[in-house]
2 protein chains.
Amino acid sequence: MSKNKNKIQRPKARKPRGFEDKSADMLRAENRLVAAAFSVYESYGFEPLQTPAFEYADALGKFLPDDDRPNTGVFALHDDDEQWMALRYDLTAPLARFVAENYNDLPKPYRRYQAGSVWRNEKPGPGRFREFIQCDADSVGAPGAAADAEMVMLAADVMAAAGLDTGQYMVRVNNRKLLDGILESSGVPNTEAGAEQRLQVLRAIDKLDRLGADGVAALLGEGRKDESGDYTDGAKLDVSAIKAVLGFTTASDTDRCETLKTLEALMGTSTQGQAGVAELKLIDDILTACDYGPGHVVFDTSIVRGLGYYTGPVFEAELLADIKDKKGRPVRIGSVGGGGRHDGLVSRFMGQQVPATGYSFGVSRFASALSRMGLVEGAEQAPVMICVFDTSLLGAYFTIARQLRAANIRAEVFVGNGNVGKQLKYADKRGVKLAILMGSDEMERGEVTIKDLELGAEMAKAIKDDKEWRESRPAQKTAARSDIVAAVREMLAHSRKMA
Amino acid sequence: MSKNKNKIQRPKARKPRGFEDKSADMLRAENRLVAAAFSVYESYGFEPLQTPAFEYADALGKFLPDDDRPNTGVFALHDDDEQWMALRYDLTAPLARFVAENYNDLPKPYRRYQAGSVWRNEKPGPGRFREFIQCDADSVGAPGAAADAEMVMLAADVMAAAGLDTGQYMVRVNNRKLLDGILESSGVPNTEAGAEQRLQVLRAIDKLDRLGADGVAALLGEGRKDESGDYTDGAKLDVSAIKAVLGFTTASDTDRCETLKTLEALMGTSTQGQAGVAELKLIDDILTACDYGPGHVVFDTSIVRGLGYYTGPVFEAELLADIKDKKGRPVRIGSVGGGGRHDGLVSRFMGQQVPATGYSFGVSRFASALSRMGLVEGAEQAPVMICVFDTSLLGAYFTIARQLRAANIRAEVFVGNGNVGKQLKYADKRGVKLAILMGSDEMERGEVTIKDLELGAEMAKAIKDDKEWRESRPAQKTAARSDIVAAVREMLAHSRKMA
């Protein structure tokens, strides 16, 4: 019977392409980061919301950051009633649906935070997953730049709550209206018709770090051929417009007041441009009053944010390395989050404008950057293991585990298969520092043996069987059962000091 | 232009059928429950794992609890490479895939916990959602009943960590081997061929509460016609087998030792049955040693658990109401979680047996039951609101918010649209208790006005404009800005006492 069963075709155990199983250490780091962000969001008065994974496809719309790439998309399926449903690709589009659906019942502004998986049906690659976690806060029904200033401070506070010190992060703020002002002055109309051209300009500026001014100039003009020979069509700006755009992207300085003066001059008579400067001025007033100086927040005209839906102030939260560049400025590690004003998202559903602004960060990306910077707290202490010497003493073993847990010490009785040798191999693989052993003799004497596995690791490797092991007794101590919590605490403290 | 835009067909804002948006209070209750469970799982030495939402359909298999219902299923779609992927319907099947895929690298036993959304493509109904959160712990590679005893204690500890007292919950333990023993003695073979018949028997017993002994007897025999005239085919047991099964389901008592004696006699010479009794005996030994008495855990032979994949001990964690039935026993509210031994799940992928046992609870179901029992902690204190009297003072308003947050008091500056009247309506909708007001006069004097909105609610309703409101000054107090944290603390404390 069982031989026949073994011949049955078995499924191959493999996870789908582009998805990941998250390890314990990374999960703990991510959970700590989300908890830190939630505590900041709560302190600002935001309320939690959780929307479902699915939305109807038409309600979700199409606001993907990379919607120019052909293989970009969503995971969609037909529901029973023949409507198309899709898994959310971010947390902003479902928020817009939620606000429109519940508009009359919600307080205005509606301020919510949410963390959760989002899905992108893209070609997977190294470090590029099709499911990842975002963590957002948004104020919906908040028209003024004061709400944007709040988002910038929120982003800075999340960086600090994640454990970063001054100098390890920077929030860089720009305003879409400034670029619109420059383009307006350069003859690119701020209308639906000019939307695609404006997106091309944004994408070109976004490549400034990688391609330099010349490469970006080509992309702003006719187009650019890269090293591989691939040709990217350009935004077709004329020479003076290209010069104006490039001049704008390098107009900022670490001094926010100086930057505002420069921008005010650059924007000239453009209504859009001067409105953008006025918003940044208000943001600067509030940041300065609240002590967010240029060590935490700067204006940076090279920041664009890929998404087409931003309509006003935009910002990015960046990690900085401890090393400095030639000019003595800290080297950028990269953006881990960002946000800005998106006044059009809810009005997609409604007859009225619902101005909104928000902040979002990628949890895995941020957590792994923190880990690369050595800023993730040590992994959880491995549990103390109670070995099973004698199965007739299982009740006593579990009682010991319970006593330790009551004293906030992680503890587990070995519930697998195998003798003490196998049990100690398991303990080694788990990183267990202390093992507790008790046979019937010890049980009668009211004693236990506590073995320091870290100390005894080398010796233990040479040991063949239980008997020899018990006689050699490396790095171990006998304690009264009544005294077990104190004895374990003392040995754990000693072991931590050694680490 | 904008008139034309308004004529554009807008998508309707609605969430897909069978999915829910979770409110702030319910989310906070769920998050607290998951955090409580995680802290128990950690204390037992389990490690966190997060698998992706998707699995390949063949790896997921088909172990749904209600796989006899025609409209039950998963959400599946074709991937680019033409393999079928499906969203996970529980956390156990992905665990089996994970263990099989990483078998050689994992410590044995592998002990993990996980919480996350699962999806069922079922007909939605009231309180029946197509996405919900499960929270699981499993020991894989754990053959003995000691591992099952640990799961039972874990379940009881989660109930206690959720805030339940003795008498408010009960863990009920049974063993599949006992029923197999009864069926074996009654001529139902314990083979693949008898699998469907055994499932019919399990489903019939599961309806004992609802249909009573006569109804279940009909389902164990030829079949049963319900009030609506629908006919359910029976398990076709003969009269003596029906009697044996019904006798078994009522064989348990609140005294665990008595129940074991009764069961030992009932099982007679059945190898399976006696093995089941021996496992329960070991579980009783461990529970008794660790002080889990019949006030927390009983043996209950009417517990079956719907899932076909259980192979040994099974258990349910039930909430009990404060009201008693005629016999003075607490009334059952219902099962919020359960688990048991599932030795076959990983071996689907592998040539070898990988014995495993686990516990799982439905987060929403448990949290809403706690809420019905009045056991959910009060909602988060609403933030203190700083009104915007004068937009030139925004920097000062945000500074006050920052001071309060630094003292662990939630605070927000009003960032919406509207005068102080609208701002106070917003505060009312949010449940804000204190509003802080400061005009330029107060600013110059270094003072703020703190208004107790709870106290002043009735009066505020009659107030027409800011001027009148400022003159009437109901339930409010003037404080020095330097003293603001202490003043707010004092008024919040007073407001809490009133509630």
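The following paragraphs lead through a predicted model of two protein chains, from the single chain to the contact between the copies.

Residues are numbered from 1 along each chain as its sequence is written, while chains are lettered from A in the order in which they are written. Because the model is predicted, local features need pLDDT of at least 70 and side-chain atom pairs count only at pLDDT 80 or more, whereas totals for chains, interfaces and linings use all residues; side-chain values use heavy atoms, with hydrogens and water left out.

Among contacts in chain A between residues at least 6 apart in sequence, 70% join residues at least 24 apart.

A helix of chain B shows burial in detail. An α-helix has 3.6 residues a turn, so residues three or four places apart point the same way. In helix H12 of chain B, which covers residues 363–372, the buried residues include B:Val363, B:Phe366, B:Ala367 and B:Leu370. After this helix comes B:Gly374, whose phi is positive, near 70°.

How are the two copies related? Chain B can be laid on chain A with an RMSD of 0.1 Å by a turn of 180° and a shift of 0.0 Å along the axis, where the superposition is by least squares on the C-alpha atoms of residues with pLDDT of at least 70 in both copies. The two copies are thus related as by a two-fold rotation axis. In chain B, the C-alpha nearest this axis belongs to B:Leu77, at 3.4 Å from it.

The contact itself takes 99 residues from chain B and 99 residues from chain A. Since 100% of the interface residues of chain B are also interface residues in chain A, the copies meet through the same surface. The size of an interface is often given as the accessible area lost when the parts come together. Chain B and chain A bury about 8200 Å² between them, 57% of it on carbon and sulfur atoms; this area is found with a 1.4 Å probe and summed over both parts.

Side chains of opposite charge can pair when their charged atoms come close. A salt bridge is counted when a side-chain nitrogen of Lys or Arg lies within 4 Å of a carboxyl oxygen of Asp or Glu. The count comes to 70 salt bridges over all chains, and 22 are found across the interface of chain B and chain A. One of these joins A:Arg97 to B:Asp21, with the closest N and O atoms 2.8 Å apart. This pair crosses from helix H4 of chain A to the loop between helices H1 and H2 of chain B, and both residues are buried.

Another salt bridge links A:Glu412 with B:Arg111, the closest N and O atoms being 3.2 Å apart. A:Glu412 lies in strand E15 of chain A and B:Arg111 in strand E5 of chain B, so the pair joins two chains. A:Glu412 is buried, with a relative accessible area of 1%, and B:Arg111 is buried, with a relative accessible area of 1%. B:Arg111 also lies over the face of B:Phe46, at 4.1 Å from the ring centre; the rule requires NZ of Lys or CZ of Arg within 6 Å of the ring centre and within 35 degrees of the ring normal.

Rings can also pair with one another. Rings of Phe, Tyr and Trp (its six-membered ring) form a pair if their centres lie within 6.5 Å; planes under 30 degrees apart count as stacked, over 60 as edge-to-face and the rest as tilted. The count comes to 23 aromatic pairs over all chains. Among them is the edge-to-face pair of B:Phe414 and B:Tyr426, with 5.3 Å from centre to centre and 70° between the planes. B:Phe414 lies in the loop between strand E15 and helix H14 of chain B and B:Tyr426 in helix H14, so the pair ties together parts that are twelve residues apart in sequence. Both B:Phe414 and B:Tyr426 are buried. In chain A, A:Phe315, A:Tyr359, A:Phe361 and A:Phe366 form one aromatic cluster.

Note on methods:
Helix = DSSP H or I, 4+ residues; strand = E, 2+ residues; numbered from the N terminus. Buried < 20%, exposed > 50% of the residue type's maximum accessible area, 1.4 Å probe, protein only. Contact = heavy atoms within 4.5 Å. Buried area = accessible area lost by both parts, 1.4 Å probe.
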